[in-house]
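Thanks, everyone. Please have a look at it first.

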Amino acid sequence: KFSKSVEDALAQALQMEKDGAGIIDIGGESTRPGAEAVGIEEELRRVLPIIERIREESDIPISIDTRNARVAQAAIEAGADIVNDVSGGTHDQEMLPSVASMGVPMILMHMRGNPKTMQALTNYTKNEGVLSGVMMELMARSKAAEAAGIPRWLQVLDPGIGFAKDVDGNLS
C-alpha cells in the first residue's frame with residue numbers, strides 16, 4: 001500500500017503507534033489468496049528503507065512479514081525485531097535456522113500451500129476438523145522451530161485466519 005513512498009509508510013506507522021498499535025508489521029509481498037510470489041531482491045527493495053526509516057523515528061517493535069530467510073536476516077539487521085512467517089518456516093528451508101541464529105521472536109502462521117494455492121487446500125478431514133487440523137499442523141511447526149533452535153518462549157503461533165480455510169473453517 002505504501003510502496004511508492006517511504007515517508008508515507010513512516011507517517012502511517014507513526015499514526016498507528018499514536019493510535020495504540022504495539023507492533024508494526026512490514027511486508028513486501030502480498031499473501032492474499034491468489035497472489036503471485038515476489039522476488040527476494042524486490043522484497044528487500046520494498047521493506048528495508050521503510051524499516052530503517054521507522055527505526056530512525058521510533059522504538060516501536062517492528063515485525064518483518066516474509067517467507068524468505070534472506071529478507072528476514074536483512075530486515076533484522078535494518079532494525080526489525082520479530083520475524084513473521086506466514087508459511088510457518090516451510091517456504092524457505094533456511095528460515096528456521098536463520099531465525100534461531102538471530103535469537104529473535106518468530107511468529108509461525110498456519111497455512112497450507114502458498115498464497116497462490118492455499119484456497120484449494122481447505123480439505124480438513126471430518127475426523128480431524130479445521131480446529132484440530134490447524135492445531136496439529138501448528139504444533140508440528142513449533143516442534144520444527146524448537147528443533148532448529150528457536151525456544152518456545154520466542155515462538156508465537158498464529159492460526160492463520162483466511163489462509164487455507166473456508167468461511168466455516170475461519171469461524172470455527
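Going from the N terminus, the elements of the protein chain run α-β-α-β-α-β-α-β-α-β-α. That makes up a count of six helices and five strands. Please keep in mind that this is a predicted model.

Some overall figures next. The protein chain has 172 residues, and 44% of them are buried. Its exposed surface comes to about 9100 Å², with carbon and sulfur atoms supplying 54% of that. As for contacts, take those between residues at least 6 apart in sequence: 60% of them join residues at least 24 apart.

Now to the helix pair. Helix H1 covers residues 6-18 and helix H2 covers residues 40-57. Their axes come within 9 Å and cross at roughly 50°. An angle between 35 and 65 degrees is classed as oblique, so H1 is oblique to H2. The crossing of the two helices is right-handed.

Which residues make the contact between H1 and H2? On the H1 side they are Val6, Glu7, Ala9, Leu10, Ala13 and Leu14. H2 contributes Pro49, Ile50, Arg53, Ile54 and Glu57. Sorted by type, the residues of this contact are eight nonpolar and three charged, with no polar ones.

To recap the pair: H1 and H2 cross at roughly 50°, with a right-handed crossing and eight nonpolar residues in the contact.

Note on methods
Residues numbered from 1 in each chain as written. Predicted model: local features only at pLDDT ≥ 70, side-chain atom pairs only at ≥ 80, totals over all residues. Heavy atoms only, no water. Helix = DSSP H or I, 4+ residues; strand = E, 2+ residues; numbered from the N terminus. Buried < 20%, exposed > 50% of the residue type's maximum accessible area, 1.4 Å probe, protein only. Contact = heavy atoms within 4.5 Å. Areas by Shrake-Rupley, 256 points an atom, 1.4 Å probe, with all protein chains shown as cover. Axes fitted to C-alpha atoms, helices over the stretch in contact; angles between N-to-C directions. Parallel < 35°, antiparallel > 145°, perpendicular 65-115°, else oblique. Left-handed = near helix turned anticlockwise from the far one by under 90°. Nonpolar A, V, L, I, M, F, W, Y, C, P; charged D, E, K, R; others polar.
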